[in-house]
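This report walks through one protein model, from its helices to its sheet and a few side-chain contacts. Keep the structure open while reading.

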Amino acid sequence: MAIRSLLLSFALTCFLGYTFTVGLTDPNSFLKKIPAWLSIPMLLVCFLLYLLATWWAFKGFGDHKITALLSLGLCAFGLGLYATAFFMEAGHGRAAPGQYDYDFSRLDPAEKAAVEQLAKEAGMGLQNAVFTEHWHIAQSVNPPSRFEICVQKGHVTALNLSDHRISDLALFSKLPALGDLYLKNCQLFDMSGLQSEKIGRLDVSDNQIADLKTLRGCPNVQWLFAKNNRLKSTDGLEQFREIVSTDFTGNPMH
């Protein structure tokens, strides 16, 4: 029983490690290809299998104490992490009280002016802002006359201006806490005006970008999505010291 428990708990822990590393960061991982509604059932199955491994470890403790203890350690780690992930997923879409601001009342005046100018360039106004959370910011803006924004403690932390023409990229440098930026289909070809050491997730898919070197103003990007552009090579990718995941599908180099 203890050996069976160790094998099961080890396999589950390997899957857990994959899930929370490659599975979440690689856009080509199989986890990215399964329907979103399957996430909670999968977490529940893994959780129940860990419980089974725990039961086997207790049943076999008398015969293989060391093996059972190793298995119980893996089970405790896995159960704790999966329980945390389950409750996070179950609360998906509900922010903790005070975590996000849902209006501009506390936004820094300089940042508010920058957002207003960006909205004006896109043919909109501040009244077109849709306040949301980070886990919703990447969703398509609906209707297209809106843009999505995350505001936390008086600062803009994420912005989605996809499907709107943006010409003055220098305005984003006036948002010092901006970490996630989505500029899909914004008629962009030269990104040299974008200057921000805070941006970690950048989506510039469906534009006309031909050279990654024009993104040198964002050296700390970790997740870069540049599908369907005009990139002929990945020259310039080395400038991103913290890069974790990229997606260049739909470019001429493919």
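Buried here means a relative accessible area under 20%, and exposed means over 50%. The model is predicted.

Helix α1 can be read in the same manner. Its buried residues are A2, S5, L8, S9, L12, T13, L16 and T19. These cover an arc of only 135 degrees around the axis, which puts them on the same side of α1. Exposed L7 and F10 are carried on the face turned away from the buried side.

An α-helix has 3.6 residues a turn, so residues three or four places apart point the same way.

| Helix | Residues | Length | First to last C-alpha | Expected span |
|---|---|---|---|---|
| α1 | 2–19 | 18 residues | 25 Å | 26 Å |
| α3 | 39–59 | 21 residues | 31 Å | 30 Å |

For α1, the reach is close to the value expected at 1.5 Å a residue. The reach of α3 is also close to its expected value.

**The sheet**

In what order do the strands of the open sheet lie? The order is β1-β2-β3-β4-β5-β6-β7, 7 strands with mixed pairing. The edge strands are β1 and β7 (245–247), each of which pairs on one side only. Neighbouring strands are turned by 15 degrees against each other on average, direction ignored.

Strands of a sheet pair through backbone hydrogen bonds, either parallel or antiparallel. β1 and β2 pair in the parallel sense over 3 bridges. F131 stands opposite I149 in β2.

Next, 5 bridges join β2 to β3, and these two strands run antiparallel. V151 has V156 in β3 as its bridge partner. C150 is partnered by A158, also in β3. β2 and β3 form a hairpin with 2 residues between them. In the turn, K153 has a positive phi of about 50 degrees.

In β2 (residues 147–152), 5 of its 6 residues are buried. In β3, 5 of its 6 residues are buried.

From β3 the sheet goes on to β4. The two run parallel and are joined by 3 bridges. N160 has Y182 in β4 as its bridge partner.

**Aromatic contacts**

F104 lies in the loop between α4 (65–90) and α5 (109–121), and F131 lies in strand β1 (residues 129–131), so the pair ties together parts that are 27 residues apart in sequence. Both F104 and F131 are buried.

Two arginines sit over tryptophan rings. The charged end of R4 is over the ring of W56, 4.9 Å from its centre. R201 lies over the face of W223, at 4.5 Å from the ring centre.

**Positive phi in two loops**

Q187 has a phi near 60 degrees, a positive value in a residue other than glycine. Q187 is placed in the loop between β4 (180–182) and β5 (201–203). Q187 is exposed, with a relative accessible area of 52%.

D206 also has a phi near 60 degrees, again positive in a residue other than glycine. D206 lies in the loop between β5 and β6 (223–225). Is D206 buried or partly exposed? With a relative accessible area of 32%, D206 is partly exposed.

Conventions
Residues are numbered from 1 along each chain as its sequence is written. This is a predicted model: local features need pLDDT of at least 70, side-chain atom pairs count only at pLDDT 80 or more; totals for chains, interfaces and linings use all residues. Side-chain values use heavy atoms; hydrogens and water are left out. Helices (H or I, at least four residues) and strands (E, at least two) are DSSP runs, numbered from the N terminus. Buried means under 20% relative accessible area, exposed over 50%, partly exposed in between (1.4 Å probe, protein chains only). The expected span of a helix is 1.5 Å times one less than its number of residues. The arc is that of the directions from the helix axis to the C-beta atoms. A charge sits over a ring if NZ of Lys or CZ of Arg is within 6 Å of the ring centre and within 35 degrees of the ring normal. Two strands pair if DSSP finds at least two bridges between them. Axes are lines fitted to C-alpha atoms, for helices over the stretch in contact, and angles run from 0 to 180 degrees between N-to-C directions.
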